[in-house]
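Hi,

Here is the structure I promised to send over. Have a look at it first, and then read on for what I found.

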Amino acid sequence: MSHTATAGVDPTKLGIGRAIAVLTSGGDAQGMNAAVRATVRVGLYTGAKVFFVHEGYQGLVDGGDNIRPATWESVSMMLQLGGTVIGSARCKDFQTREGRIKAAYNLVKRGITNLCVIGGDGSLTGANQFRTEWSGLLGDLVSKGKITGDEAKSASHLNIVGMVGSIDNDFCGTDMTIGTDSALHRIMEVVDSITTTAQSHQRAFILEVMGRHCGYLALVTALACGADWVFIPEMPPDDGWEEHLCRRLMETRNRGSRLNVIIVAEGAMGRDGKPITCDQIKELVGKRLGYDTRATILGHVQRGGTPSAFDRILGSRMGVEAVMALLEASPDTPACVVSLSGNQAVRLPLMECVQVTKDVTVAMKEGRYDDAVKLRGKSFENNWNTYKLLAHVHLSEVKSNINVAVLNVGAPCAGMNAAVRAAVRIGIIQGHSMLAVHDGFEGLAQGKIEPITWNSVGGWTGKGGSVLGTKRVLPAKHLEEISLNIAKYNIHALVIIGGFEAFSGGLELVQARQRYEELCIPMVVIPATVSNNVPGSDFSIGADTALNTITSTCDRIKQSAAGTKRRVFIIETMGGYCGYLATMSGLAAGADAAYIFEDKFGIHDLEANVEHLVQKMKTTVKRGLILRNENCNSNYTTDFIFNLYSEEGKGIFDCRKNVLGHMQQGGTPTPFDRNFATKMGAKSVLWLTEKLKECYRHGRIFANSPDSACVLGMRKRGLMFQPLAELKEQTDFEHRIPLTQWWLKLRPILKILAKYKINLDTSEHAQMEHIISKRGPVAPSGKI
């Protein structure tokens, strides 16, 4: 990584003479296997020895066959499995000093002084205690004659690094713990299924989700399904909430909805500290309102199933970072946790994170609920604020006399409707009149414009595609008609939701402001495209859904290949000229190579890739997976690559090809896309409202400064607005991609995990950051 590389150290020799043990502990979580796989493979890549510890800390204490050497092949095919393959156990023995002495003995005898622990806060605290006692434990072993002085000397220091694997997302300092996204996938599948039956019968449904003392899963579920009410431990409802809840449910019904959804976190409680349960709420709603009410407790379903693409990529990135953190640690560096902040890998001091996590519990006990929400981190706080905006509704009697139009542009993608819903509802809450434009800029030119109401967007968060209809037509040729319609329908602001065409179309409108005064209105572009190629944003709505679709298809294809043996699949993904989908699904599905436009390749690379597969067929992993972005190279087409591999592989492996096509644009939006779209939609209209106030002069709106037309994007650690005019400089218009793309630095990880001996030089490198500052805890902002 950057500074090891500059020091002239070859990363493939960094771990020579070192031994790393990896264990999973506490409750299981989907994505732990991805982390184990990456830790093992990157460890071996650096030249270190790597050991599995089976059954968590229990295996560390019992030793023997529980601690086994790991090989490259032993972690094959585990990426798509839920749970943890090496087992996890709640361990009483390790909590005693006797147990820890045994564990130390087992490590010293094998020459292991680096421990990678994947688990929740309890497991990580245990690891830190083990580390602080280490020299004392060695002293005891020497005095009992169990180990020699020399053995103790060569194992004088224990390095520890943690990765947080927990579906609860309850660990402060990390935006997303491994398993949280997958648990949300399971929950949303259930919520979607329940909604259909509830609508048939006009029922009220109460769902209890997991999360122990943390309300994250409940909160995001409520946001993503538009629930009427959510109970979370961090923010108990005010006294007299029973009245309020019943009133809210009646209001929802009176607005024409056929169902009510109430989400309850398992740790939910009232201001008096007494638990609030599903049954209690069911009885209340049944008695007071007479609604047909059903309660469902989701239970361990949430821990099960295959990990989502996000969790696989998260686990893989964390595994790489963990190995580097271990090999670079010195006796003076504190034990650290590797985690993600936004899309940056970060290292945080383990005990600081544990401290802030404990502070939340204390704040909740002492009734400082606002502090509890803040301590959970910026991402949690943003979710809570957006939820409050959309759920605690008192429709404004005062009209603002402002008309805001919403349109979808470009190709359809999952999550567009969720963004429209949030924009429309926040607009109505602010007293604006909302207008729906059908079929993009073409519809704006043809006057396909009509009012859109609160109820008409009900249930839209879970709908795929684009209900408004979307077209790729750009506005440049229709400026005259568009200006006339903006005047005719008295449109004061535009929300443009879409892909690269939304960006370039928005730019065309801005550039035409000198000629058409009607276009001098505030406008905001919300990136929504499976390709993730909109300048100004690291993520676009719809890309996560497409990534999951590709990944699950690749899983099935790999299964087929594993059955037939000696088979290589070549799969073509979408993305235009942007290699995001090919690269990220390559990481998530465990591909051998991903060909993309941004990372140029020639005949020598193709030759090396074929040779790599020939070598791979000599191992026990007799299958290959090659991804190719649709536009990566006009001459090396999917057919060309298929023919090349088929010819070169004769007698060694055979080939099949799949073009995934438009299935990548369809499907129900994933929890990430629903949540992301909801926040973007809400934030865009709040921003427009402020801009409209700034641009109001002499009784009319006039906006022609560059900052009155922006892209709302996710940048590193937060949502921000950037003027379209500024982003123009950062764009390659011919290939419709931004000039710099953050995910390119993940490509070396893809290659290392596929067993290529490359230099990690270009990969990211995380420095240790602190989350407790002198002013008191400031949680890092995060995955929105």
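Arg 347 and Glu 321 form a salt bridge, with 2.8 Å between the closest N and O atoms. In this predicted model, the pair links distant parts of the chain: Arg 347 sits in strand β11 (residues 344-349) and Glu 321 in helix α11 (residues 309-328), 26 residues apart. Both Arg 347 and Glu 321 are buried.

Arg 347 has another partner to look at. Glu 328 also forms a salt bridge with Arg 347, the closest N and O atoms being 3.2 Å apart. Because Glu 328 belongs to helix α11 and Arg 347 to strand β11, this pair ties together parts that are 19 residues apart in sequence. How accessible are the two ends? Arg 347 has a relative accessible area of 8%, so it is buried, while Glu 328, at 22%, counts as partly exposed; the cut-off for buried is under 20%.

Further along, there is a salt bridge between the side chains of Glu 442 and Lys 471, at 3.2 Å from N to O. Glu 442 is in helix α16 (residues 440-446) and Lys 471 in strand β15 (residues 470-471), so parts 29 residues apart in sequence are tied together. Glu 442 is buried, with a relative accessible area of 19%, whereas Lys 471 is partly exposed at 30%.

There is also a network of salt bridges, which links Arg 97, Arg 100, Glu 133 and Asp 140. The count for the model comes to 40 salt bridges.

Now to the helix packing, where α23 (residues 671-694) is worth a look. Helix α15 (residues 416-429) packs with α23 at an angle of about 35 degrees, and their axes are 7 Å apart. The crossing of α15 past α23 is right-handed. On the α15 side, the residues in contact are Ala 418, Ala 419, Ala 422, Ala 423, Ile 426 and Gly 427; they meet Arg 674, Ala 677, Thr 678, Gly 681, Ala 682, Val 685 and Leu 686 of α23. By class, this contact has nine nonpolar, three polar and one charged residues.

Helix α7 (residues 180-201) meets α23 as well. Their axes come within 9 Å and cross at roughly 85 degrees, which means that α7 is roughly perpendicular to α23. Here Asp 181, Leu 184, His 185, Met 188 and Asp 192 of α7 meet Pro 671, Phe 672 and Arg 674 of α23. This contact of α7 with α23 has four nonpolar, one polar and three charged residues.

Best wishes

Notes: Residues numbered from 1 in each chain as written. Predicted model: local features only at pLDDT ≥ 70, side-chain atom pairs only at ≥ 80, totals over all residues. Heavy atoms only, no water. Axes fitted to C-alpha atoms, helices over the stretch in contact; angles between N-to-C directions. Helix = DSSP H or I, 4+ residues; strand = E, 2+ residues; numbered from the N terminus. Left-handed = near helix turned anticlockwise from the far one by under 90°. Contact = heavy atoms within 4.5 Å. Nonpolar A, V, L, I, M, F, W, Y, C, P; charged D, E, K, R; others polar. Parallel < 35°, antiparallel > 145°, perpendicular 65-115°, else oblique. Salt bridge = Lys/Arg side-chain N within 4 Å of Asp/Glu carboxyl O. Buried < 20%, exposed > 50% of the residue type's maximum accessible area, 1.4 Å probe, protein only.
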